[in-house]
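Hi,

Here is the structure I promised to hand over. Have a look at it first, and then read on for what I found in it.

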Amino acid sequence: MKAKGNSRRQKASGVSLVMVWTVGTLFFGLVLILASIPLVFKPAQRTPSVATLDTSGITVNVSASLADDRTLTVFIRLPVDRADIIDPRVQIVMTGHQMTVPANVLSAGPGAYQASAMLPMAGQWEVQVGIGDEIVRLPVDANPAGL
């Protein structure tokens, strides 16, 4: 009689071991999925500001994108077929405080330029892109979201 009782106990513990293993595996998989969520999403960026200047047959497109950590990235597109266009100059200004943040302009391919800078404080900023004698002014709101 003891032999039958032992076999029942072994089957019962075998079934519970499979259930524990299955539940543990599902729990571990759920933890991995939830832990990977921050890796999938990019940092939030606000709606980019965009400006276009058309002067003397030259169309200049300027856009600025601001990340939550107040990193401002400026993208500039110039016509490729015009050899007389000089490289753009970028200045980031907070006129209310008479502050200027330096921005180095880098070539990003033919007719494309990119500049970036970290804004030291929240508030209303202005990106000024100079092409020859013309200046494109682009307002940037660097206030925290919801304020």
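Which residues does valine 129 touch, not counting residues up to four places away in sequence? The list is Val62, Val74, Ile76, Pro88, Arg89, Val90, Glu134, Ile135 and Val136, where contact means heavy atoms within 4.5 Å.

Before the rest, a word on conventions. This is a predicted model, in which local features need pLDDT of at least 70 and side-chain atom pairs count only at pLDDT 80 or more, while totals for chains, interfaces and linings use all residues. Residues are numbered from 1 along each chain as its sequence is written, and side-chain values use heavy atoms, with hydrogens and water left out.

Now the overall picture. The chain holds one helix and nine strands, where helices (H or I, at least four residues) and strands (E, at least two) are DSSP runs numbered from the N terminus. Along the sequence they follow the pattern α-β-β-β-β-β-β-β-β-β. Of the 147 residues, 29% are buried; buried means under 20% relative accessible area, exposed over 50%, and partly exposed in between (1.4 Å probe, protein chains only). The accessible surface comes to about 10,300 Å², and 62% of that belongs to carbon and sulfur atoms (Shrake-Rupley method, 1.4 Å probe; for residues, only the protein chains shown count as cover). Among contacts between residues at least 6 apart in sequence, 49% join residues at least 24 apart.

Valine 129 also turns up in the core. The largest nonpolar core has 26 residues, and those touching the most other members are Leu72, Val74, Ile76, Ile92, Val127 and Val129. Such a core is a set of buried Ala, Val, Leu, Ile, Met, Phe, Trp, Tyr and Cys residues joined through side-chain atoms within 4.5 Å. Two or more residues come from each of β2 (58-66), β3 (71-77), β4 (89-94), β7 (112-118), β8 (124-131) and β9 (134-141).

Next, the sheet. Four strands form an open sheet in the order β5-β4-β8-β9, with antiparallel pairing; two strands pair if DSSP finds at least two bridges between them. At the edges are β5 (99-101) and β9, each pairing on one side only. The twist averages 25 degrees from one strand to the next, with axes taken as lines fitted to C-alpha atoms (for helices over the stretch in contact) and angles running from 0 to 180 degrees between N-to-C directions.

Seven of its eight residues are buried, so β8 is largely enclosed by the rest of the structure. On one pairing, β8 and β9 run antiparallel over eight bridges, including tryptophan 125 with valine 140 and valine 127 with leucine 138. These two strands form a hairpin with two residues between them, and glycine 132 in the turn has a positive phi of about 65 degrees. On the other pairing, β4 and β8 share five bridges, again antiparallel, with glutamine 91 bridged to glutamine 128.

Best wishes
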